[in-house]
Amino acid sequence: MATYEPFYNRTMELPEELLVGAIDSHVHAGPVLRSNPGHFDPIQVAEMARAAGMRTILYYDVFGWASGTAWMVNRYMKDFRTYGGYLMNSSHGGMNPRAVRTALNLGEGCRMISFGSHCTWHSATTESTLVDGRLVPFKDAIPGFAEKELSRAIRIPLDGPVPDALKEILDMVAERPEVYLNTGHVSGPEAMRVVELAEEWGIRKVLVAHTARALLTVEQQKDIARRGFFLEACAVDFGGPWMPQTHYYVERELMDMSSLVHGRAMSWLQGIRDVGPEQFVLATDYGVRVLPSPIEGMRMMISMLLYFGFSIEEVQMMTATNPARLIGLDG
């Protein structure tokens, strides 16, 4: 591996070298609804990951069962194994134990069960459309949206009895040590409740999704890490990073840091440092063609982490070691 030095004389090849063995545990690939921007197809992404020397990828499918996608890709690519997850979205009936049981037994089975993405109660009540140049929540702007969509959106009860459907789903995940529970796009309080329920049910692996993590304080995130659960950070959280790219002066203190104020990438990096990298899993949430490829997104994240002082060991922990533990590849 190329020689690493925290600021000066870093090699050009180091980010690519750190892709070898890395895992992207949050990849979107087609097929998708016609209303979506184009996506890479699952085989394209897997071929790119294999070419970069990555260990594996895990597909998220907002519209179907990604364990089926992984099964088909693995049939085609004999020398590169992929994995799939399942999202309890409203198109599958939301918190539907039968759909979860199907996902867990489809193809080679899935490695992740998520409480859903854009159609959780939290997301469905906050996502908005533009009306006369002003953002207005769908539930207020679209007639019938609240009645049709909120009624089947997942909402985690913060107190009181646990619904039977949720009990059954927690039981199924607890029975499968290779499977991890993903909070999905729930609210901050709901994410904390999922963590509590997971502990109560003896579920050893939980990932607090990047959207839910953004709603938690640093202390809450540290608490989750102390419990031994994982926190997700994704390239999509900042998209194309606004950060220093070209230096005119050799002195480190003369690096333009306006991005500390204006760029999301800087707060993203600091958030990881504040909590500590030990329980972080880094992924891209890429696959949409208006963004870089998932492999390029992973390379970009690795470059940024090195740029701001994360060690090779810390990078490998968050991009290789922790994702492998999460997916169940290393014990």
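**Surface, fold and one serine**

The accessible surface of the protein chain is about 15,200 Å², and carbon and sulfur atoms hold 53% of that area. The model is predicted. Burial gives another view of the chain: 53% of its 331 residues count as buried.

Next, the fold. The protein chain contains 15 helices and 10 strands. Its radius of gyration is 20 Å, close to the 20 Å that the globule rule gives for 331 residues, so the chain is as compact as a globular protein of that length. Along the principal axes, the C-alpha atoms fill a box of roughly 60 × 50 × 40 Å.

Contacts come next. Residues 24 or more positions apart account for 74% of them.

Now the charges. The chain carries 30 positive side chains and 39 negative ones. The centres of these two sets lie 5 Å apart.

Finally, one residue. Where does serine 303 sit? Its place is in helix 14, which spans residues 294–307. Is serine 303 buried or exposed? Its relative accessibility is 18%. Buried means under 20%, so serine 303 counts as buried. Leucine 329 lies 26 residues from serine 303 along the chain.

Conventions. Residues are numbered from 1 along each chain as its sequence is written. This is a predicted model: local features need pLDDT of at least 70, side-chain atom pairs count only at pLDDT 80 or more; totals for chains, interfaces and linings use all residues. Side-chain values use heavy atoms; hydrogens and water are left out. Helices (H or I, at least four residues) and strands (E, at least two) are DSSP runs, numbered from the N terminus. The radius of gyration is taken over C-alpha atoms; the globule rule is 2.2 Å times the number of residues to the power 0.38. Buried means under 20% relative accessible area, exposed over 50%, partly exposed in between (1.4 Å probe, protein chains only). Contact means heavy atoms within 4.5 Å. Accessible areas come from the Shrake-Rupley method with a 1.4 Å probe; for residues, only the protein chains shown count as cover. Lys and Arg count as positive and Asp and Glu as negative; His and the chain ends are not counted. The place of a charge is taken as NZ of Lys, CZ of Arg, CG of Asp or CD of Glu.
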